[in-house]
Amino acid sequence: MKKSILLLFLFASVTAWSQVTITGKIIADDGTELPGATIVEKGTSNGVVSDYNGNYEINVADDATIVIDFTGYGTQEIPVGGQSKINITMAEDAVTIGEVEVTGIIGVVGKSRRRTESVQRVPESVSALNLDGIKRTGVTDISSFSTLVPNMKYNTSQAVGLNFITVRGIPQIRGGDAPLAFVIDGVTVPDPSLLNQELYDLALVEVVKGPQGALYGKNAIGGAINIYTQEPTNTFTNKIKLGYGNGNTLLGQLVSSGAIVKDKVYFRLSGQYKSTDGLLTNDFLNEKVDFRTDLNIRGQIKADLTDNLTASVTYQYFDLDGGAGYYSVNPIGSPYYGGAPGGILDPNPRDDNNIIVADLLGNSDMKNNYGNLKFDYNVGKVNLQSITSFNAVQRSTVADLDFLDFPFLTQGEVTSTNTFNQEFRVQNRNSKDKFNWSLGGFYQNVNEPVFQDGLLYDYYYYSYPVELTYADLINNTSTIALFGFADYKLTDQFTASAGFRYDIDRFEQEDIFNVADNSRTNNEFQPKVSLSYQATPDVLVYANYGRGYRTGGFNPSTTALFNRDFEDETSDNYELGIKTSSWNDRLILNAAAFYTGLNNQQQYILELENFFAGIYNYDKSSVVGFELDSRVRLTKFFDVVANYGLTNAEIIEGGVTGGENGDQTDNAQYNGNKVPFVPTNTFMLGLESSIPITQDVKFNGFINLNGTGKTYWHESNLAEHTSDAYNLLDARLGLEFKMIELELWGRNLTDTQYYQEFSPGQFVGSPDDVGWRGQPRSVGVAVSVKF
């Protein structure tokens, strides 16, 4: 018996000893990373795919041969021979337009669950683009990406850095956090204003929907946006891009990457400058109001310190400057449109509405300094990771507040957000394991001073403008969290997943203006479970449950519309989905249905009687929705892409809010009404083409019709405070040569007029309704040169 046990132990030891972990990078012969390439141990089913930057890791026998395959680049077989690092360069196959074989669609590789895997294998609703997809579709910011995602809407308003993201019926609100976690290169960035930056030199952009608190922490109540930049390379590559568009839009971009020490230390430096005079005009001042300049610089250094230890450092700076406060007065749909009474403040009633007439040309600015330091250390079958990061944002705004063509009210704001993050993570790294897991801890400190003021021009009582202070406070939030996530393959077809995150949040506010200190502590457990069934190699069925939460806080004062504080918002989401590939991978069809129950859903309102903005809660609300996402390859060179999202977001129990001395607002009157700021549906229909004209010349094209359904701007759901559905047409056409690329792009080509925000005057104490216009038609050209 003892001999048998000894022999068994020796056999297991020899087997373990004969295994080797291979890491490496897969690139094309021009230095471009190849995401989604398959790497398989020959003669086995053991395989992985390369990630969005072309990296891979696989456990194989030390005498194995690995087979690398990537559509359009052929196949290579490489004996391992005891090597632990194998970088592979693949040459593109010669393809001509006369060939008739139609290849399948290459699956997109994402990292929605913090590890590299095909989007078609993830039991979540995920929309993702790798490098080629980003380039073909012309994605340059979150706004252009959101048009490709069902049940997601991105709007801007009032000033640089002020965004409104709505996902699956959960809107972002002023003064509160976004309903999505925002993650750059694996680092969670808490300031939602950073979503306003231009995106360039990217390897991956993806959205995973449904509560993601277990993986990304607080505020991931509706999902997460993952952005990964391109990594430094071992070979020297450079790229220059120049562009011009209407509104005197100028673009300049430079990317340079290469080895500082061959096979050891690498760098990547990228920068972009973009400016525009604007397209919207203030009719009173006769000046453009939506002007903007954007300077962005990013530097990265990555070092392979040993075979098992990698370090990287990243620094990014950007400076955005643009117009602010250019609301149009009494926009189309307003009850005042076409002959407004002008209001008690306006001595000259107007009959020309839906125009921008503010007497003050608004301006806003946002500067950001961001950096992170990462260490990855492999110990046997385990990976240890440390990520340290900081982020400092400064914002300022000066603009009109009455939005009329005479001086009455102005607004000013100076804020900053300073964030420090530290995360430690440990996870297994054996591609053959049935059990995959990760554990970690997280610390974050966010310090945010806020100062808001303005001027009151009331010459009836005063001969000079009166300075007003609306808010002067300092918010500080500290978070400590523990998290874990695991997958276990119950059988070859069934996989169970479970995860958790436990957040301890301490929120403190020093209210200098009201001479008051406020504090609160939140302890929130966010579980996540899922079960997936791989019915066939091409069909995945899944069900999952997740919990998320968005932190509460304090308002500047108690009014009839809101309390001194607002509560944490929590959500419980249930989802059923299916992902399919068919017709030799030429048809991808994914669908998901979901139900979300929300407690204390947060909502924003501006109370003009005392010039206070605040947040209040609905006691209960719910969202029921459906999503369909598809792509079909009609011919070798043409794909049709389409998606549709349906959302029914409803107030169940509005509750009572605000009030001093019995003065309160009864939101129960809105029970059964739709939640404001949530489009009832979205859709996208696009045609994508990639045609090789010659061996060295390729045509790329993408035409995208995207629609936004009816949107209610207030709980009352009054018709005059509702925007009808609208459609926007975008396009990008490009010619790729060996080293040069030409492109022609356009957005809102039909010049459709629409609104990204609407404020009904009757509910906030204003004599006028105001609206924030969407961008008119914009077109441009660009040329890129690689060398």
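**Exercise 1: Aromatic pairs**

Find how many aromatic pairs this predicted model holds, and decide how the rings of Phe500 and Phe525 are arranged.

*Solution.* Let's begin with the count: there are 14 aromatic pairs in the model. Now take Phe500 and Phe525, whose ring centres lie 6.2 Å apart. Rings pair if their centres are within 6.5 Å, and planes under 30 degrees apart count as stacked. The two planes meet at 20°, so this pair is stacked.

Phe500 belongs to strand β31 (residues 494-511) and Phe525 to strand β32, so the pair links distant parts of the chain, 25 residues apart.

Last, look at their surroundings.

To finish, here is a cluster to look for: ring pairs connect Tyr326, Tyr327, Phe403 and Trp772.

**Exercise 2: Charges over rings**

Work out which ring lies under the charged end of Arg168, and which ring has Arg501 over its face.

*Solution.* Start with Arg168: its charged end sits over the ring of Phe594, at 4.1 Å from the ring centre. Then move to Arg501, which lies over the face of Phe442, 5.0 Å from the centre of that ring.

**Exercise 3: The setting of Ser532**

Decide whether Ser532 is buried or exposed, and list the residues it touches.

*Solution.* First, locate the residue: Ser532 is part of strand β32, which spans residues 516-536. Second, check its accessibility. The cut-off for buried is under 20%; Ser532 has 9% relative accessibility, so it counts as buried.

Third, read off the contacts. Leaving out residues up to four places away in sequence, Ser532 touches Pro123, Gln493, Phe494, Thr495, Leu540, Val541 and Tyr542.

**Exercise 4: A sheet of three strands**

Give the strand order of the open sheet, and name its edge strands.

*Solution.* The three strands of this open sheet come in the order β4-β1-β7, and their pairing is mixed. At the edges are β4 (55-61) and β7 (88-90), each of which pairs on one side only. From one strand to the next, the twist averages 35°.

Now zoom in on one pairing. Strand β1 (residues 19-28) and β7 run parallel and are joined by three bridges. Within β7, Ile88 is the bridge partner of Ile26.

Definitions and conventions. Residues are numbered from 1 along each chain as its sequence is written. This is a predicted model: local features need pLDDT of at least 70, side-chain atom pairs count only at pLDDT 80 or more; totals for chains, interfaces and linings use all residues. Side-chain values use heavy atoms; hydrogens and water are left out. Helices (H or I, at least four residues) and strands (E, at least two) are DSSP runs, numbered from the N terminus. Buried means under 20% relative accessible area, exposed over 50%, partly exposed in between (1.4 Å probe, protein chains only). Contact means heavy atoms within 4.5 Å. Two strands pair if DSSP finds at least two bridges between them. Axes are lines fitted to C-alpha atoms, for helices over the stretch in contact, and angles run from 0 to 180 degrees between N-to-C directions. Rings of Phe, Tyr and Trp (its six-membered ring) pair if their centres lie within 6.5 Å; planes under 30 degrees apart count as stacked, over 60 as edge-to-face and the rest as tilted. A charge sits over a ring if NZ of Lys or CZ of Arg is within 6 Å of the ring centre and within 35 degrees of the ring normal.
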